[in-house]
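Dear colleague,

Please find below the sequence and structure that I am handing over to you. My findings follow directly after them.

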Amino acid sequence: MRVALGIEYRGTAYCGWQSQPTGCGVQDYVEKAISLFLGVSARVVCAGRTDAGVHARAQVVHLDTDIDRAEQSWVRGLNAHLPGDIRVVWATKFAELPRQSDEDRFHARFSARARAYQYLLLNDAVAPGIDHASVGWYHAPLDVVSMQAAAAYLLGEHDFSAFRSAECQAKTPIKLMHLAAVRRHGAMLIFDFRASAFLHHMVRNMVGSLVYVGAGKWEPAWLAHVLAAKDRSLCAPTFAADGLYLTDVEYDAAWRLPKFAGRTIAGGI
């Protein structure tokens, strides 16, 4: 059968989601917990790979196994073998049907219709202490009105090559951006992005460019120029991973996956 898991984790101590030879990826810890829980090894496929230091409030993965366990047993059993900063929030089982094709099976990555990320940025003269590694930081005042005006240029379907890292392995840089917004909550700036999919470092590169606009280094229309040029060298430096969170993966309602209700940070705090 195929099992889907909803997972949240703090990425500070890990080298990203993807499994690494040194065993430092969040995937390595999840697969180790599965092997201890089931007594056999299993590989998992995620909805979106996060970079080193990036957090997830709503990661979704799937695995295939011949061993049947109750859904709540999956949650309790895996969490008993996971470090405290990685937690399985829910589990859903999909029964295999005779002659079912791969296209008809749930897939954590390919069944996803959209992903959402949120970036939290402390805009204050003093760097964060308690929230160190949980939020990004910029010391000088930022103009949120200008940043929101610039973010509007990102909406719609575009070639996002200007915000793509050299290591990106995506087949196409063309993505559909449903939401790109910036708002202020006290000293915290909250960036929200929702798109069909994201390129490697895409969110952090967009945040860096929006910060440039907010700091007065460029006018909002500069972002439209960068986007149209498809040239990474024109984009601002990649912003820190600290404040980035995977906050949602959207699937068709027919899959009946549980929600991460009450555990997301839609309000940004």
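Please note that this is a predicted model. I begin with Thr-65: leaving aside its neighbours within four places in sequence, this residue is in contact with Met-1, Val-3, Leu-38 and Trp-74. Thr-65 sits in the loop between strand 3 (55–64) and helix 2 (71–79). With a relative accessible area of 8%, Thr-65 falls under the 20% cut-off and is therefore buried. A polar atom of its side chain lies 3.0 Å from the backbone nitrogen of Ile-67.

Two of the residues that Thr-65 contacts, Leu-38 and Trp-74, also take part in the packing of helix 1 against helix 2. In that packing, Ala-33, Ile-34, Phe-37 and Leu-38 of helix 1 meet Ser-73, Trp-74, Gly-77 and Leu-78 of helix 2. The axes of helix 1 (residues 26–38) and helix 2 are 9 Å apart, and the angle is about 115 degrees; the two helices are therefore roughly perpendicular to each other. The crossing of helix 1 past helix 2 is right-handed.

Helix 4 (residues 202–214) is a further point of interest. Its 13 residues should span 18 Å at 1.5 Å a residue, and this agrees with its end C-alpha atoms, which are 18 Å apart. Of these 13 residues, 12 are buried, so helix 4 is largely enclosed by the rest of the structure. Among the buried residues are Arg-204, Asn-205 and Ser-209, as well as Met-202 and Gly-214. Just after helix 4, Gly-216 adopts a positive phi of about 85 degrees.

With kind regards

Conventions:
Residues numbered from 1 in each chain as written. Predicted model: local features only at pLDDT ≥ 70, side-chain atom pairs only at ≥ 80, totals over all residues. Heavy atoms only, no water. Helix = DSSP H or I, 4+ residues; strand = E, 2+ residues; numbered from the N terminus. Buried < 20%, exposed > 50% of the residue type's maximum accessible area, 1.4 Å probe, protein only. Polar contact = N/O pair within 3.5 Å; in protein donor to acceptor, adjacent residues only side chain to side chain. Contact = heavy atoms within 4.5 Å. Expected span 1.5 Å × (residues − 1). Axes fitted to C-alpha atoms, helices over the stretch in contact; angles between N-to-C directions. Parallel < 35°, antiparallel > 145°, perpendicular 65-115°, else oblique. Left-handed = near helix turned anticlockwise from the far one by under 90°.
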